[in-house]
Amino acid sequence: MAQQTEPARRTPLNRDRVLRAAVALADGTGIEALSMRSLAHELDVVPMALYKHVANKEQLLDGMVEVIVGEIEPPADDAEWKSAIRRRILSARRALLRHPWASRVIESRTTPTPGVLDYLNSIIGMFRAGGLSADLTHHAMHALGSRVWGFTQDLFPASPSPAPADAHPQAPPGALLGEMAARYPHIVEIVLARPHDSASVVGQGCDDQFEFEFALDLLLDGFERLHRQEWTSAERI
């Protein structure tokens, strides 16, 4: 009688495997396509098997945030405060760029996850270790806003510049640019001041990474100047 082959042993399901599979699925198909059912299909289990590890979709998203935050490099102990914060934020930016959906999920959480609180606490701790007052640090965190995660919310969408309302629909690109320059000379001037980057989220003509670091450095330099001046918000009241 032919010897029966033992069935292949299934990899045990655990919370970490569930969360990492969810992150990979969101990376591949988009966060909108992620559901408990689609994740169960990806893991080749019945949907009910997932509920032993995550109670619901919201808990799943919380866990996915923890996975992403876990990808951020730990802070450097021996670095000067400005460079340490800069490195930490740019590491967060790299993590979120690897997972384009993550910024929206982080913003959607009504209660910060432990990993999110740990990260924010570390940034605040770097300011305080650098000698900045709690008062200045409070306002610095407000000024950084979403930049603390490596992304910005106050950017123009990546879409072509609008043509003048009375532009001829069949006008060649050169003619349209001429009409734009005549009506909006300052906009056209700054758009043409830099090489174009069609993938930019801050408008064609911008380098996302450069613009992000430019703004981050301005903010950090400003915080340092206020610290040296022993600035306090009480002076502004």
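Trainee: Why does Y51 count as partly exposed?

Mentor: In this predicted model, Y51 has a relative accessibility of 36%. Buried means under 20% and exposed over 50%, so Y51 counts as partly exposed. You will find Y51 in the loop between α3 (47-50) and α4 (57-69).

Trainee: What makes Y51 part of a nonpolar patch on the surface?

Mentor: Patch residues need over 30% relative accessible area, and Y51 has 36%. Y51 forms the patch with V46 and M48, and together they have about 320 Å² of accessible area.

Trainee: Now for the aromatic side chains. Why is the pair of F127 and F223 called edge-to-face?

Mentor: The structure holds four aromatic pairs. In the one formed by F127 and F223, the rings lie 5.8 Å apart, centre to centre, with 75° between the planes.

Trainee: What makes you say that the charged end of R93 sits over the ring of F212?

Mentor: The charged end of R93 is 4.7 Å from the centre of the F212 ring. The distance limit is 6 Å, and the charge must also be within 35 degrees of the ring normal; R93 is listed as sitting over F212.

How values were computed. Residues numbered from 1 in each chain as written. Predicted model: local features only at pLDDT ≥ 70, side-chain atom pairs only at ≥ 80, totals over all residues. Heavy atoms only, no water. Patch = residues over 30% accessible without salt bridge, like charges linked within 9 Å, V, L, I, M, F, W, Y side chains within 5 Å. Areas by Shrake-Rupley, 256 points an atom, 1.4 Å probe, with all protein chains shown as cover. Salt bridge = Lys/Arg side-chain N within 4 Å of Asp/Glu carboxyl O. Helix = DSSP H or I, 4+ residues; strand = E, 2+ residues; numbered from the N terminus. Buried < 20%, exposed > 50% of the residue type's maximum accessible area, 1.4 Å probe, protein only. Phe/Tyr/Trp six-rings, centres within 6.5 Å; stacked < 30°, edge-to-face > 60°.
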